[in-house]
Amino acid sequence: LYLLSLQLRKKYTLFSALLFSGGMASLYFTTYGAYVYYNMLSFPLAYIIMIALTVYATYEAIRYDRQEIALLGLVGAYGIPFLISKNSDRADLFFLYISLINLGVVYLSVRKSWKTVGMVAQVITWILFIGWAATRHNPRFKFIAACFMIFFFLVFLAAIVTYKFLRKQPLHINDTYQLLINNVALYIAALFQFGLAEKASSGDLAIITLVISAVVAIQAFLFYGYWKEEIFSIRILSSLALTLFVMFIAFNWGGFTVTFLWLLTAVIIFAWGFRMHSVRARMAGIILIGVTLGKLLLVDSLTFTTVQKVIAYLVLGVLLLIVSFFYQKFKQQLFSDNE
């Protein structure tokens, strides 16, 4: 397959690229079989061969200018530790290897504008890290894993932002979704790394949620400060930061305190949206008010005394009257978006 791809490269480039991909895939699994099933190769030799195949596949991807070959080399590169590992559970070496691959992938994706390659690398990396944190978490590697977690997040964030800096092009909708995946994956990884894997209390989960909420909010503010034209990305990041902050309140407190803080947050968001002429911020405030009122009626009221119920329903009635008044008086302004 490989030799045939060389013969057909000049006249049939696409077909040659497909043959080359098949040849590289065959070499990957042949090396795997020679090492695992027949003991024909030692571990160092099998490892070196697979690394060489990955580097060569990446080189040929640049020569062919075909993203498909780069994806093949990418899958092979991430699969090497699983194909030839001795199950030694050396998380530090494993994540160091993944980090080196990610640096190369980010460089390749930015240089050739192969965004799909970067996105695939991001998804695979986070799946590997979250899978390790969820199933094979080792307190011995807690600090090292945290460093790699932050490194992965920054590398993929830099890959997304670099397009904006170097090419002066607006972010595509897929770039925004990639940005969202990167932040959500960071939160899930942090939950497993510092919370769920160590059976942490709700207070610890609250701190993790608050920290990630602040990280997302900082990104939203930076985007708003430097790239106001990236409205969709700003909205997505702001929505995620708000969602995480609401979750932080639920983790950190309980009962009527959560209801009160949610309501206070909703009022602040609604007022800010009115001040900034943002329909989406106002709608987010209204939705959070609705969720809060639903919690008050369906959950909190079950544990209230008679006096508490009277007070709660009076507050609810006054709040609904105020919301109704503002809706009738400023109906046009409420749904007039000047963002």
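Here are a few notes on the salt bridges and one surface patch in this predicted model.

1. Ground rules: residues are numbered from 1 along each chain as its sequence is written, and side-chain values use heavy atoms, with hydrogens and water left out. Local features need pLDDT of at least 70 and side-chain atom pairs count only at pLDDT 80 or more, while totals for chains, interfaces and linings use all residues.

2. Searching the whole structure turns up 4 salt bridges (a side-chain nitrogen of Lys or Arg within 4 Å of a carboxyl oxygen of Asp or Glu). R9, E60 and R63 are joined in a network of them.

3. E60 sits in helix α3 (residues 43–64) and R9 in the loop between α1 (2–8) and α2, 51 residues apart (helices are DSSP runs of H or I, at least four residues, numbered from the N terminus). E60 is buried at 1% relative accessibility, and R9 is buried too at 17% (buried means under 20% relative accessible area, exposed over 50%, partly exposed in between, with a 1.4 Å probe and protein chains only).

4. E60 also meets R63, at 3.4 Å, N to O. These two are 3 residues apart in helix α3, so about one helical turn separates them. R63 is partly exposed at 48%.

5. Then there's D175 with K115, closest N and O atoms 2.8 Å apart. D175 is in helix α8 (residues 173–195) and K115 in helix α6 (residues 115–135), so the pair ties together parts 60 residues apart in sequence. D175 is buried at 3%, whereas K115 is partly exposed at 28%.
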